[in-house]
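Have the viewer open and follow along.

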Amino acid sequence: MSEPAIVLGANQYGKAEVRLVRVDRDGQRHTITDLDVTSQLRGDFTAAHIEGDNARIVATDTQKNTVFAFARDGVGTPEEFLLRLGRHFTGEFDGVTGGRWEAEQYTWTRIPVDGEGHDHSFVRGGTEIRTAVVTFVGPEATVISGLRDLAVLKSAGSEFHGFVRDRYTTLAETDDRILATSVTARWRHNRLDVGFDESFAEVRRLLLEAFAETHSLALQQTLYEMGRRVLEARTEIDEIRFSMPNLHHFAVDLTPFGLDNPNEVFYAADRPYGLIEAAVLRDGVPGNHPAWHGIAGFC
C-alpha cells in the first residue's frame, strides 16, 4: 500500500505586534496615536513551505517597514489604517490573495494643568483597549471593531437564583449581589463607508448604558441586552460577540470579630471565575462569517 499523501493546509504569515506611535503636531497642540499592529498575508505560498522557494514571499521585515512608512501620511482610525495596509498588500503583490490585519489602540489623555489639558503632555488611560481586525479575501474587505478589558461593576440591581442544584451545589441564591466583569467585545460591520470613531464611541456608550440600566438576573441576560441595544441602534453592524468573565465578589464573614456585614465588605476573587460568551446577531445573518477565522478564543 502506498503512503498517504501529505499536503500543506491553511497558512498565513507576517509581522506581529509592530509598535507604532504617531505624533500629530498641529502647532503647539499635539495628539498621539498609539497602536500595536499585526500584518498577516494569505495566498499561494506552497513553494516556500515545500521547497524553500521564496519567490512569492514578502518579507515580514518589509511588512513592518510598510506600517511605519504608511504612518508618515497619518494614521486616522485603526480600521482605516488597516484597510490601507490590506489594499496595499493585496494590490501590489501577485502572490498575495488576501490577509488579516489587526490593531490594538492604547489611549492617552492630556494631563490637566490649571484646569486645561496640556498641549503635549499625556497620561496613559486605563486598562481598556480598542481593537480592530480587517480581513481581505481578494478585493473584498471586512472590518471587525472591538474593545477589551472594559472593566465594569454594579453594586446593586443584580440577582442570581433559580439555577440547577445537585449534591455538588453549594452556591447560595441571592437577590442582591455585586455584578462585575471585564468586557471583551467585537462587532462586524456590514459595510466600509463608516465613520469608525463615531461608531466606536456610540457602541461603547450603548454597551455601558445597557450594563448599567439592566436589572440583571444573570450575566447572560445582561450580555444579550448589551448586544441587542447595539444592533437595534447601529445599522452598520450585523453581529457582536462577547467574552465576559463573572468577576466574583464574596461577602466577608465578619462575625468572628463581633461585627455584622450588611453586604458592604467583599473579597474580590480573581480566580476561578465564571466565563460567559455569546454572539448576538440579526435574524438571518450567518454566524460563521470567514472574517472571524483566526481570531483566538470566542472573540
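In which strand does Glu17 lie? Glu17 belongs to strand 1 (residues 13–26).

## About the model

This is a predicted model, in which local features need pLDDT of at least 70 and side-chain atom pairs count only at pLDDT 80 or more, while totals for chains, interfaces and linings use all residues. Residues are numbered from 1 along each chain as its sequence is written, and side-chain values use heavy atoms, with hydrogens and water left out.

## Backbone details to look at

Glu17 has phi near 55°, a positive value in a residue other than glycine. Glu17 is exposed, with a relative accessible area of 57%. (Exposed is over 50%, buried under 20%, and partly exposed in between, with a 1.4 Å probe and protein chains only.) Asn263, also not a glycine, has a positive phi of about 60°. You will find Asn263 in the loop between strand 10 (249–251) and strand 11, and Asn263 is partly exposed at 31% relative accessible area.

The peptide bond from Arg271 to Pro272 is cis, with omega near -5°. Pro272 sits in the loop between strand 11 (266–268) and strand 12 (274–281). Strands here are DSSP runs of E with at least two residues, and helices are runs of H or I with at least four, numbered from the N terminus.

## A buried glutamate

Now turn to Glu239 in strand 9 (residues 237–246). Glu239 is buried, with a relative accessible area of 1%. Its side chain makes polar contacts with the side chains of Arg188 at 2.7 Å and Trp292 at 3.0 Å. (A polar contact is a pair of N or O atoms within 3.5 Å; within protein, one must be able to donate a hydrogen and the other to accept it, and residues adjacent in sequence count only if both atoms are side-chain atoms.)

Leaving aside residues up to four places away in sequence, Glu239 touches residues including Leu231, Val280, Pro286 and His289. Contact means heavy atoms within 4.5 Å.

## A helix pair

Helix 4 (residues 196–213) and helix 5 (residues 219–233) pack at about 140°, with their axes 9 Å apart. Axes are lines fitted to C-alpha atoms, for helices over the stretch in contact, and angles run from 0 to 180 degrees between N-to-C directions. Helix 4 and helix 5 are therefore oblique to each other. (Under 35 degrees is roughly parallel, over 145 roughly antiparallel, 65 to 115 roughly perpendicular, and the rest oblique.)
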